[in-house]
Amino acid sequence: MNQASDQARPTPRAGILDIEAYVPGKSTAPAGVAKVHKLSSNENPLGPSPKAIEAARDVAAKLDLYPDGTARRLREAIAEVHGLNPANIVCSNGSDEILGLLAQTYLAPGDEAVITEHGFMVYKIYIQSAGAVPVSVKETNERADVDAILAAVTPRTRIIFLANPNNPTGTYLQFQEVRRLHAGLPRNVLLVLDAAYAEYVRRNDYEAGVELVAGAENVAMTRTFSKLGLGGARIGWMYAPMHIIDAINRVRGPFNVNATAIEAGIAAIRDRAHVERSVAHNETWLRWVSEELTKLGLRVTPSVGNFALIHFPEDKKHSAAAADDYLCARGYILRRVSGYGFPNALRMSIGTEEANRGVVAALATFLKS
């Protein structure tokens with residue numbers, strides 16, 4: 001393309017076209033597959049709370065009205081359940097939006113933000129969108145390494161993005177390690193704790209970040225409703241010091257959480273019985289899936305999320321790509337994770353009993369082929 005034609009249309013600013021777009025997990029199987037089990041997006045196999053469904057339906061007759069721009073009642077429901085001050089909460093269109101707003105607000109061109117090598121891919125996208133430089137650090141045993149993160153901090157560092165637990169590995173940092181990381185950071189560096197999978201963690205040495213946020217000026221915790229059955233509603237939230245809340249409220253959209261999501265979210269977070277059923281189901285079947293796949297000779301990264309990262313043999317016949325094709329043909333849709341640095345692994349969301357047993361049986365047959 002010549003220079004004249006380049007100048008004849010709007011062009012993105014430098015760096016935008018260097019960004020690799022996020023590719024979500026696929027959701028369809030080849031034609032002719034009788035039943036599809038989508039296990040590629042870490043969705044809740046129990047679905048949304050019945051109370052959330054009812055609340056969403058009740059909004060239908062009022063869709064002509066704008067929602068409350070501050071999502072006050074949703075923030076109050078979150079605060080009630082988690083024992084927080086609603087003034088220190090901001091809600092968003094999925095936690096992705098909050099992560100992007102933090103990058104937009106605290107990063108300038110030439111700044112640096114630190115991520116881990118197997119961390120959530122949207123961090124890099126948002127960092128680059130702000131014109132900043134993503135600095136990826138190595139993990140140890142597929143787990144964030146505090147010393148490596150601290151060693152990567154320079155005078156240009158402005159944000160540390162830490163998924164805890166991490167996706168797609170399912171590993172986590174003990175809270176004493178998170179505190180050690182925070183203690184080693186300059187006060188002007190923002191530590192973003194992405195706790196999207198916090199509800200599923202049942203470990204005494206884990207804490208999502210509430211205590212750290214409450215006692216610091218440079219820590220923000222992000223959460224989501226997606227793993228509790230409202231992925232389609234797109235509800236996220238952040239707990240942070242007031243100066244961060246104030247800054248984000250200045251740049252977020254005025255009605256960034258829609259009316260249906262607000263009402264469904266209020267009902268969902270207060271339905272603690274549904275939350276506990278979801279967690280109990282995951283605890284039972286994550287353990288079972290991990291044990292059964294290990295018996296088949298596959299390595300499974302120990303996970304505290306609602307998914308398992310499955311590593312395949314280093315031969316083309318039984319590779320992750322071959323397994324993916326085999327499973328897809330039988331209606332089991334898992335997630336390829338090559339973009340996360342795992343070219344020979346698949347991430348499997350914990351599904352229904354039928355789906356979990358079906359994947360294990362299919363892989364047993366595949367590995368014998």
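Student: What should I keep in mind before starting?

Tutor: In this predicted model, local features need pLDDT of at least 70 and side-chain atom pairs count only at pLDDT 80 or more, while totals for chains, interfaces and linings use all residues. Residues are numbered from 1 along each chain as its sequence is written, and side-chain values use heavy atoms, leaving out hydrogens and water.

Student: Which residue does the UniProt annotation "modified residue: N6-(pyridoxal phosphate)lysine" cover?

Tutor: That annotation, from an unreviewed UniProt entry, covers Lys227. UniProt positions are in the numbering used here, feature names are shortened, and annotations may be inferred rather than shown by experiment.

Student: Where is Lys227 found, and is Lys227 buried or exposed?

Tutor: Helices (H or I, at least four residues) and strands (E, at least two) are DSSP runs, numbered from the N terminus. Lys227 is in the loop between strand S7 (219-224) and strand S8 (236-239). Buried means under 20% relative accessible area, exposed over 50%, and partly exposed in between (1.4 Å probe, protein chains only). With a relative accessible area of 12%, Lys227 is buried. Contact means heavy atoms within 4.5 Å; leaving aside neighbours within four places in sequence, Lys227 is in contact with Ser41, Asn42, Asn44, Ala196, Tyr197, Tyr200 and Asn306.

Student: How do I read the side chains of a strand?

Tutor: In a regular strand the side chains alternate between the two faces of the sheet. In strand S2 (residues 89-92), Ile89 and Cys91 point one way, Val90 and Ser92 the other way, and all are buried. Two strands pair if DSSP finds at least two bridges between them. S2 and S8 pair in the antiparallel sense over 4 bridges, and Tyr239 in S8 is the bridge partner of Ile89.

Student: What order do the strands take in the open sheet of 4 strands?

Tutor: The order is S9-S10-S13-S12, with antiparallel pairing. Strand S9 (299-301) and strand S12 (335-337) are the edge strands, each pairing on one side only.

Student: How do I describe two packed helices?

Tutor: Use the angle between their axes and the distance between the axes. Axes are lines fitted to C-alpha atoms, for helices over the stretch in contact, with angles from 0 to 180 degrees between N-to-C directions. The axes of helix H12 (residues 320-328) and helix H13 (residues 353-368) come within 10 Å and cross at roughly 125 degrees. The contact is made by residues including Tyr326 and Leu327 of H12 and Leu363 and Phe366 of H13.
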